[in-house]
Amino acid sequence: MKFQIEDVTVYFPYDYIYPEQYSYMIELKRALDAKGHCLLEMPTGTGKTIALLSLITSYSLSKPQTPIKLIYCTRTVHEMEKTLAELKLLHNYQIKHLGPQARILAIGLSSRKNLCVNPTVLAAENRDSVDAGCRKLTASWVRAMAAENPNVPTCQFFENYERAASAAVVPPGVYTLQDLRVFGKEKGWCPYFLARHMVQFANVVVYSYQYLLDPKVAGIISKEMQKESVVVFDEAHNIDNVCIEALSVSVRRQTLEGATRNLNRISQEIDRFKATDASRLRAEYNRLVEGLALRGNLPITDNWLSNPALPDDILKEAVPGNIRRAEHFLHVLRRLVQYLRGRLDTENVEKENPVSFVASINSHAGIDQKTLKFCYDRLHSLMLTLEITDTDEFLHIQTICDFATLVGTYGRGFSIIIEPFDERMPHIPDPILQLSCHDASLAIKPVFDRFQSVVITSGTLSPIDLYPRLLNFHPVVSRSFTMSLTRDCICPMVLTRGSDQLPVSTKFDMRSDPGVVRNYGKLLLEMVSVVPDGIVCFFVSYSYMDGIINTWNDSGILKEIMQHKLVFIETQDVVETTLALDNYRRACDCGRGAVFFSVARGKVAEGIDFDRHYGRLVIMFGVPFQYTLSKILLARLEYLRDTFQIKEGDFLTFDALRQAAQCVGRVIRSKADYGMMIFADKRYSRHDKRSKLPSWILSHLRDVNLNLSTDMALHIAKEFLRKMAQPYEKIGGSGRKTLLSEEDLEKDGRWRHG
Amino acid sequence: MNNGAGRRINGAAEEDDDEDDVNGDLDAWERTYTDERSWESLQEDESGMLRPIDNQALYHSQYRRRLRSLSSTAARIQKGLIRYLYIVIDLSRAASEMDFRPSRIAVIAKHVETFIREFFYQNPLSQVGIVTIKDGVAHCLTDIGGSPESHINALMKKLECSGDSSLQNALDLVDGYLNQIPSYGHREVLILYSALSTCDPGDIMDTIQKCRKSKIRCSVIGLAAEMFICKHLCQETGGTYSVALDESHFKELILEHAPPPPAIAEFAVANLIKMGFPQRAAEGSISICSCHKEAKVGAGYTCPRCKARACELPTECCVCGLTLVSSPHLARSYHHLFPIAPFDEVTSSHLNNPNCKLQRNCFGCQQSLLDPVFGLRKQTRACRCVPEVQTNATC
């Protein structure tokens, strides 16, 4: 269908549109008009992705004189593929209606691991070794060697791509990663470098968050993207954590040992080069005198991704004299590693801010701040000069240099925390030095500054006013949409008491109370007997889950649960969890029924959907607060309070509730689906906690369901499941219009304008 | 239509009967809490006021659905008139739950009885068998046959529930029986499922495919909630899946299975069936009944081929295996092929129009149609009472 939103003709590939999609588009268009950033919350399963894609591409089509580019960031490769598939559908529809002028180029960009077509490189198991394998075949000096000696292996796909040079372009169209691989194989061109090359010409680019946020890889866009771009962060409820992780470094004993090994190897290499090819080292020295900025004209395969989070002057300034020579730089690094090792040998927990840490490095190891700042780039330069291709071996020394650069660059928003052991296991010494970033706005600032519009969207962004403060930006539009439903297909409940009327909670002083544990067990036991197929349970932490399952096992509750449903448990081991999930799904499929025990903030809570019969009920046992004694969290809270005036309690509650909303949101992925959500903790009934849930959950949380005991919840569950099992009518009858056709929109438009 | 009140009266009456034996260990206040469920008949409206549950909307949508299915069958559809139906009754632990009054199994038994009678009334040429699932094992309670009384009697004797439920075992058993049915018969299974899980010895997906291959139409009526595997089974084999809201809804759902379903296209080849139309024996004549193996006096039928005596029609001759029917049976089956046309709905404003020539009273019950009107037949008019009259009184 096609319709007008103000002056833009929107092409939408389906015959009907949800009302909330329509209002979402209107808000989005206003933000684009204002060339500002926006924050939009809309529940999952209402077609956010297609609404976004459809409006932005149509907006661009209707204003051909000022074309805008869409940069769409997703969290996972799977979501990337889904987005591109939707875009393909939309693109076909637009071409059908507008003809060839609607042609766009849309590509997905991912790491070499997902795009490489060279079978020998792909054989490597992880991302870093695929990257290294590729460099071994495509680095400029390897190719130069291959030109003289035909026995040196190269990658024929990359050679073909280089030979085609500027002729190597992708014709317009929408390419998923799979399509790119097929296209690359067909033409004999390397899909990875082709995609990287095409990124600057494409109208739509879909890739993961890291390409924009992680300074180590963001360089790829920092020079190629135009200002007139719209950046979309989808599923962005954890964007502040992504930003923080991108700028945090942790150093352990192993890292330091590895770094020492790396340094020895580098020093051997230097000796070798001195003996054979001293001129290279001299050339590098000269280049460094002129400044790092000159690195720009290195060949594409040698180009390491530069660091946009660094101030510009680093790139222009000359490298300080004391690390220009390779041997001197090595000495500096050795001293740094030695110093860090000394710091790790501590008995107490230490917390420092970067300024005093740098001062202490200066006095003990004689390395000044400016030198530290240049470590990362100096290491790259050195490794290129030494023609080191197996970069995956050198991760440890890279971590150290990363650390040095960040410490040297930022005086605020970071802290250095040294812990001699893990708090949960105080007898095992496991010293760790963490440079933790507290300010999410640091990593995302370049993105906000650079691009015309940044759209942050997710199913759970509540409370919506906190995100602008955390990320330090001013949205022109921030709105939260609710879901229009033909029936009340979600049933959130707050369970505060067990059937014996004792309150339940995971508050620290109550959690191990046998009454609470028993009531939680009874709740699950009652629920497994009335809920069909799959049930998902989320606990606040692994240790709590282990404890409670042990108790249930001892008291025989677990056995009774198993009479109704099979039990699967998430563990910290990825393979084991995948296997458990797989079997869980099979048990749901064949009608045996299953319960999955999982942990909020775990892998399962973030990325796995429990839609349809895989999750008819989700129980959130407790409020998933972060581990409040963690030094890093305390430091961050302090920083947030001092800088952004966000109270500790507010932030903790916000963070816990968004995790809870994220967990319970796993059960419903479309409007035809249905599911129940039980928040089992008395604290959820308090207004300050509850009000931080997203509005689409709150609007279904009726006052009667706020203070339930187990037996009342059981009764509501029975009624709800019976009601939902009745045949589902897609177009809501009797006044609840949830699908709009083209005519409806026209009528609505006339009414709005006239 | 407000069954809340009705149920409450029922509930109160039953409470007096069985309070001592069932709820002996509960306190009086607990008993009212668990038994009466007075809150069930109330719901909260937008402003937080309490009001009785409004079932009108629900019934109206059900009515519309029936109307739609009726209009879709108005086109000539081949229907399977000779049906071989197995009723599978789940007697697992879950069937003894008390959320239906007095218990699920009592409600099931009551309505299965109505259903079996209705089924034979509407499909005189068809046959029924009963299978029960108990302790994870499926048992054949009655072999497939045409006598409603024998099935009902057998069922009423066996209503104890225990153990788990196994869908696969039941399907395997039924599949084995139905495979021996002659090719003109339509194979159907109606599963009344109380449990919310199934404990199977093997892969149930294989069993479902087997049923699909042998053209068995499986329908399920659930009593608690929607289960994926049941939905999948019905989708694969072309049956219907429904879940009962309460007792009256359950009755409605089970009776929906009484009229014959459309035939499976590839299976419905035309062929000839040999049938005998036996004569009714003279009053007072004594002969040995072939079904009961004893001498009986009068009121029997004599097989035209082998002259054996059968007690009731329709049946299969025990001696020569000929299908014995009477011509009214054939005629009664026949009316499914020519269903009555769906009714046009007439708004009351149309009726109030003085120019309107239509009668203002119901054709069936003679009540005024100026009350809210549900349906109107093409030439004559009738309120909703007529479709029931129609199905019960024609032929």
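This is a predicted model: local features need pLDDT of at least 70, side-chain atom pairs count only at pLDDT 80 or more; totals for chains, interfaces and linings use all residues.
**Legends to close-up views of chains A and B**

**Figure 1. Salt bridges and polar contacts across the interface of chain B and chain A.** The interface holds 3 salt bridges. A salt bridge joins the side chains of B:Asp99 and A:Arg722, with a distance of 2.8 Å from N to O. Polar contact across the interface of chain B and chain A involves 8 residue pairs, with both residues of a pair at pLDDT 80 or more.

**Figure 2. The two domains of chain A.** Domain 1 of chain A covers residues 247-438, and domain 2 of chain A covers residues 490-725.

**Figure 3. The area buried between domain 1 and domain 2 of chain A.** About 960 Å² is buried between these two domains, with 61% of it given by carbon and sulfur atoms. Within domain 1 of chain A, the residues that lose the most area to domain 2 of chain A are A:Lys351, A:Glu423 and A:His438, and together they make up 49% of what that side buries.

**Figure 4. The salt bridge between the domains of chain A.** The count of salt bridges between domain 1 of chain A and domain 2 of chain A is 1. The side chain of A:Lys351 forms a salt bridge with that of A:Glu638, at 3.5 Å from N to O. Between domain 1 and domain 2 of chain A, 1 residue pair is in polar contact, both residues having pLDDT 80 or more.

**Figure 5. The largest cavity of the structure.** The structure contains 8 cavities of 30 Å³ or more, and the largest cavity has a volume of about 130 Å³. Its lining consists of 15 residues, and those nearest the centre of the cavity are B:Tyr84, B:Leu125, B:Gln127, B:Thr315 and B:Thr323. By residue class, the lining of the largest cavity comprises 9 nonpolar, 5 polar and 1 charged. The largest cavity lies between domain 1 (80-257) and domain 2 (275-337) of chain B, because both domains give residues to its lining.

Note on methods:
Residues are numbered from 1 along each chain as its sequence is written. Chains are lettered from A and ligands numbered from 1 in the order in which they are written. Side-chain values use heavy atoms; hydrogens and water are left out. On a 1 Å grid over the protein atoms alone, a cavity is a set of points where a 1.4 Å probe fits but cannot get out, and a pocket is an open set with protein on both sides within 12 Å along at least five of seven lines; lining residues have an atom within 4 Å of a point. Grid points are joined across faces, edges and corners, and a volume is the space filled by probe spheres set on the points. Ala, Val, Leu, Ile, Met, Phe, Trp, Tyr, Cys and Pro count as nonpolar, Asp, Glu, Lys and Arg as charged, and the others, Gly among them, as polar. Domain bounds come from an automatic or database domain assignment. Buried area is the accessible area (1.4 Å probe) that two parts lose on being put together, summed over both. A salt bridge is a side-chain nitrogen of Lys or Arg within 4 Å of a carboxyl oxygen of Asp or Glu. A polar contact is a pair of N or O atoms within 3.5 Å; within protein, one must be able to donate a hydrogen and the other to accept it, and residues adjacent in sequence count only if both atoms are side-chain atoms.
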